[in-house]
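Subject: Structure handover

Hello,

Here is the structure for you to look through. Please open it first, then read my notes below.

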Amino acid sequence: MQQRATGNYRNDTLVLGFSDLDRLRHERPLVLSAGRGVFVMDERGRDYIEAVSSFYCVALGYSEEELIEAAMRQMRALPMYPSGAHRTVPVVLELADKLAALAPIPNARVAFATTGSEANDNLIKFMWYGNGHTGRKQRRKIISRTGSYHGSTILTSGLGGSAALRDSFGLPLEDHIHVSQPAWPMAAEPGETEAGYTERLARELRDAIEAAGPDTIGAMIAEPMSVSAGMLPPPAGYFAAIKAVLDDYGIALFADEVVTGFGRTGNMWGSQTYGITPDCITSAKGLSSAYQPISAILMSPEFHDRMVEGSKADGWLAHSGTYHAHPVAAAVALKTIEIFERRDIVGHVRRIIPAWRAALDSLTDHPLVSGIRQSGLAGAVTLRRPGDTGTNAPSMKPGGLGRAAYDAGIEHGILTRPIGESLVMAPPLIITEPEITELTRRLRAALDDTLANAPRD
Ligand SMILES: Cc1ncc(COP(=O)(O)O)c(C=O)c1O
């Protein structure tokens, strides 16, 4: 969609990630300048339902005054003081306690960073540190699943699964092992049951561990529900099966809850929804409703003990960041948690899920829709041209039809995310039933246009 320039800016100065740089040379990006509840407004005043909460992050919508006030209060009290070098600020201590109490890890310890990518990156660095000082130095390798997204740093880009994220940048670095992304039922073999599929993936994991050398592997990282691979809930029994394999070899499980944390799946943590017992969790996005950049690493006491051994040996943990646990971000995160509890945001998500599910189901009669996936307040609509066959297995790369439907959505005032031939959605958690109805109306209109304009073979 072509936008007219309305502000006093050039179009081609800004380099935007996850964008077609060539297209950006002649086409103005969508420029959003205001927000209210689940809506954002562009520079021409047109409104859009943000059906993906931006990058799955603005949990409390775009106009939460309490978060703004919390930021202002902290700005006035002490706008900045880094947490590190034996110094911190009260709000960071309070946030660490609060997160530890919320974490599905008993007696969790908490470290902060700035982004989700950094949290995953730092967690792996911490693992190497702790292992290096406790006789497990060779345990460096990390297992991840193809098609996942765990961030954009050099280390975390390599964990992802698509050529665009990884190979195009000369990644991964060494130490990465990739196993299959569960995609039930799309990736099942003919006649395979869900239990059989789960067993096959557990076998594949065991084989990959044996091939790589069990004593060289430190951890496996996985999203409880794979959002970035196209909103794929795990098949039944998946995490119990892979955890059993990992336990056999003393390999830790890291849950990347950057998206699934903070209520998205109908519990505070995706690990609770899917019965996962992780050793460590990373959290970001919803943690501050993304009003401020902050991320957290929640770790088991045993994991932390290994880091303490490292610190004893070196005299300190030689790692910090100026903006880690920025006080304004910490104040906003603390207020976010308070709002979650006071307004029972997770309860609201649970109550709204049936309406969300019904809205997705109502789209299955559309000729372009080949299926839907839903977990918690998230979902994906898979698209297929009438008459096409095929599995429609999701991939990270924007596909033709997904991209066309996304563009049509912009025309009809709805922002989704195209992943392969799917449109992925995860609206702000505060969405109401009438807003879900309006979202569905706009999406259907976009699908109608996409169908009308789809090239026929
Ligand atoms: C599952 C997952 N992990 C990590 C990240 C990286 O977070 P950030 O963009 O804050 O670096 C993302 C971002 O979308 C994500 O979806």
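A residue is buried if 20 or more other C-beta atoms lie within 10 Å of its own, exposed if 12 or fewer, and partly exposed in between; the C-beta atoms are placed from the backbone. Keep in mind that this is a predicted model: local features need pLDDT of at least 70, side-chain atom pairs count only at pLDDT 80 or more, and totals for chains, interfaces and linings use all residues. Residue numbers start from 1 along each chain, as its sequence is written.

**Single residues**

Start with N120. It is buried, because 29 other C-beta atoms lie within 10 Å. N120 sits in helix α5. Helices here are DSSP runs of H or I with at least four residues, strands are runs of E with at least two, and both are numbered from the N terminus. Leaving out residues up to four places away in sequence, N120 touches H150, G151, T156, I221, D256 and T282. Touching, or contact, means that the C-beta atoms of two residues, placed from the backbone, lie within 7 Å.

Now try R44. Is R44 buried or exposed? R44 is exposed, because it has 10 other C-beta atoms within 10 Å. It lies in the loop between β2 (39–42) and β3 (47–50). S33 is 11 residues away from R44 along the chain, and their C-alpha atoms are separated by 8.9 Å.

P90 belongs to helix α4 (residues 90–102). It is exposed, with 12 other C-beta atoms within 10 Å. P90 and Y406 are 316 residues apart along the chain, and 44 Å separates their C-alpha atoms.

**Backbone details**

Two residues have a positive phi without being glycine. Y56 has a phi near 55°, and H86 has one of about 65°. Their surroundings are worth a look. Y56 is in helix α2 (residues 53–56) and is buried, with 24 other C-beta atoms within 10 Å. H86 is in the loop between α3 (65–77) and α4. It counts as exposed, with 6 C-beta neighbours inside 10 Å.

There is also a cis peptide bond. It joins W184 and P185, and omega is about 0°. P185 lies in the loop between β6 (176–179) and α7.

**Helix pairs**

Axes are lines fitted to C-alpha atoms, for helices over the stretch in contact, and the angles run from 0 to 180 degrees between N-to-C directions. Angles under 35 degrees count as roughly parallel, over 145 as roughly antiparallel, 65 to 115 as roughly perpendicular, and the rest as oblique. A crossing is left-handed if the near helix is turned anticlockwise from the far one by less than a right angle, and right-handed if clockwise.

Take α7 (residues 194–212) and α8 (residues 238–248). Their axes come within 9 Å and cross at roughly 25°. That makes α7 roughly parallel to α8. The crossing is right-handed. From α7, the contact uses T198, E199, L201, A202, L205 and R206; from α8, it uses Y238, A241, I242 and V245. By class, these residues are seven nonpolar, one polar and two charged. Nonpolar covers Ala, Val, Leu, Ile, Met, Phe, Trp, Tyr, Cys and Pro; charged covers Asp, Glu, Lys and Arg; the others, Gly among them, are polar.

Next, α4 and α11 (residues 327–342). They pack at an angle of about 40°, with axes 9 Å apart. They are therefore oblique to each other. This crossing is left-handed. V91, V92, E94, L95 and K98 of α4 meet P327, A330, A331, A333, L334 and I337 of α11. The contact has nine nonpolar, no polar and two charged residues.

**The ligand**

Which residues are closest to the ligand? They are T115, G116, S117, G151 and V258, out of 16 residues that surround the ligand. A residue is near a molecule or strand if its C-beta atom, placed from the backbone, lies within 6 Å of it. Helix α5 (residues 116–132) supplies the largest share of this shell, three residues. The shell divides into six nonpolar, eight polar and two charged residues.

Best wishes
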